[in-house]
Amino acid sequence: MPASSGLSGEIRVPGDKSISHRAVMFGAIAHGTTTVRNFLPGDDCLSTVSCFQKLGVTIETAGTDVKISGNGLEGLREYSGLLDVGNSGTTIRLMMGLLSGTPFVTRLTGDESIAKRPMNRVTAPLKEMGATIDGRENGKFIPITITGGRLKGISYSLPVASAQVKSAILLAGLQAEGETSITETAPTRDHTEKMIRLFGGKIKTSSNTVVIEGGQKLYGTGVNVPGDISSAAFFLAAGSLVPGSEIILKNVGLNWTRTGILEVLEKMGADFSVMRSSGDTYEPSGDIVVKHSRLKGITIGGDLIPRLIDELPIIALLATQAEGETIIRDASELRVKETDRIETVAGELRKLGAEIETTPDGMIITGGTKLGNGTVTSHGDHRIGMMLAVAGLICKSGIELHDTEAIAVSYPDFFIHLDSLKK
Ligand code: S3P
């Protein structure tokens, strides 16, 4: 529905998806109890919980509180069935690394979207470490079968900027003989590195290389998950786009590897301010206030892309309303997300009247287009669904949005929060 008189109020966005996954995984392989606060109980993170429960780990969930009773890597047990990761790329890719070193057989599967996503980017370095992995098309696609065994450390240069691949190798590296060193082409989210330290592990990071020593023991701890900046992004956009808006977003994660969206908003001329929380937390966070403003088109590319990769759909919507053209380049990774996000973003927004040209690695978006009403779909992609719901706020008579269930993957209360801001 269109929001005629602006959005106002305060929102506490749910816990960070990437950090919630990792808190459960590291809790499951650590020794002792881990308590997680502000966990994201979205479908993706619940898939991670369910996979580790099947591997014999006791995990109790109560809303956003999770308690994990870890017995170390040795505490994991073979599961006779198929482990189903649902829609979650982070679950499957990180678990592939982790289970490459555990002495049993695991079979991993997922939904229709996961079936199309490439796993060879993880399989290839893991095989170099000595892992035995198979899947359709020589380990490229699910179902994936892993026969865990002894691993050896490697030096690996990531061909694509991917935190999931980096994290999978780190989880294998933790169990490998000797040192594992990973070099990135551009910095990607470093939640795994931070989490290893939080659980008492040692990891060295210098410029674009991270080095981990195998054979380390991790210990259970408390993890306080900050709000997800990737979820906050939809409200940062809604506040910027809907005239008369002022939205306060509480406790948003501000890890530098994730704040590319704030740099883009600033360059586009958005009106927002950030109040960083004081205190020495392992992941920085703070509150953000955003108000409606006029925006201008910009060019986005290079090393900034991995720091805002999940925000590009909502940035594309912002660009349709900015003055002048916006160019997004170096973002071919969008083509292998939950959907081909270059085509789904352009295709759905065009149905509402946007002018978007797609390129192999991005989009060229004409600003200042009036969006009209129409019928659109998320294509089962949570971030496309939320982007389109925000688009509906600025369409004269609203839109018909299909396939909204997908939004529960990362933001189950999205519509409740959105409605609470309408005057
Ligand atoms: C994630 C990494 C990113 C991101 C995904 C979550 C993670 O994927 O798009 O939503 O938690 O490590 P890539 O590593 O494939 O870029």
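Colleague: Happy to look at this with you! Is N138 buried or exposed?
Modeller: Let's start with where N138 lies in this predicted model: helix α6, residues 136–139. Exposed means over 50% relative accessible area. N138 has a relative accessible area of 62%, so N138 counts as exposed.

Colleague: Near what value is phi of N138?
Modeller: Most residues other than glycine have a negative phi. N138 is a residue other than glycine, yet its phi is positive, near 60 degrees.

Colleague: And where is N38, another residue with a positive phi?
Modeller: Phi of N38 is near 60 degrees, and N38 is not a glycine either. Its relative accessible area is 22%, so N38 is partly exposed. As for its place, N38 sits in the loop between β2 (31–37) and α2 (43–54).

Colleague: Is the peptide bond from I142 to P143 cis or trans?
Modeller: Good one to check, as most peptide bonds are trans. P143 belongs to strand β8, residues 141–147. For the bond from I142 to P143, omega is near -5 degrees, and that bond is cis.

Colleague: On to the ligand: which pocket does the ligand sit in?
Modeller: Residues around the ligand include S18, R93, Q164, D310 and K337. Helices α1 (17–29), α3 (89–99) and α7 (163–173) each give two or more residues to this shell. The ligand's site is the largest pocket.

Colleague: How many residues of the shell around the ligand are charged?
Modeller: Among the residues around the ligand are R22, R93, R189, D310 and K337. The shell also holds three nonpolar and four polar residues. The number of charged residues in the shell is five.

Colleague: Which residue has its backbone nitrogen 2.9 Å from a polar atom of the D16 side chain?
Modeller: D16 is in the loop between β1 (8–12) and α1. With a relative accessible area of 3%, D16 is buried. The backbone nitrogen lying 2.9 Å from its side-chain polar atom belongs to I19.

Colleague: What is the distance from the side chain of T326 to the backbone nitrogen of I298?
Modeller: T326 is part of strand β18, residues 325–328. Its relative accessibility is 0%, so T326 counts as buried. A polar atom of the T326 side chain lies from the backbone nitrogen of I298 at 3.3 Å.

Colleague: How far apart in space are G214 and G153, C-alpha to C-alpha?
Modeller: G214 is in the loop between β12 (209–213) and β13 (222–224), and at 17% relative accessibility it counts as buried. G153 is 61 residues away from G214 in sequence, but in space their C-alpha atoms are apart by 7.5 Å.

Colleague: Last one: how many of the 10 residues of helix α11 are buried?
Modeller: Helix α11 spans residues 312–321 and is largely enclosed by the rest of the structure. Its buried residues include L312, I315, L318 and T320. Buried means under 20% relative accessible area, and of the 10 residues in α11 the number that are buried is nine.

How values were computed: Residues are numbered from 1 along each chain as its sequence is written. This is a predicted model: local features need pLDDT of at least 70, side-chain atom pairs count only at pLDDT 80 or more; totals for chains, interfaces and linings use all residues. Side-chain values use heavy atoms; hydrogens and water are left out. A residue is near a molecule or strand if one of its heavy atoms lies within 4 Å of it. On a 1 Å grid over the protein atoms alone, a cavity is a set of points where a 1.4 Å probe fits but cannot get out, and a pocket is an open set with protein on both sides within 12 Å along at least five of seven lines; lining residues have an atom within 4 Å of a point. A molecule sits in a cavity or pocket if more than half of its atoms lie within 2 Å of its grid points. Helices (H or I, at least four residues) and strands (E, at least two) are DSSP runs, numbered from the N terminus. Ala, Val, Leu, Ile, Met, Phe, Trp, Tyr, Cys and Pro count as nonpolar, Asp, Glu, Lys and Arg as charged, and the others, Gly among them, as polar. Buried means under 20% relative accessible area, exposed over 50%, partly exposed in between (1.4 Å probe, protein chains only). A polar contact is a pair of N or O atoms within 3.5 Å; within protein, one must be able to donate a hydrogen and the other to accept it, and residues adjacent in sequence count only if both atoms are side-chain atoms.
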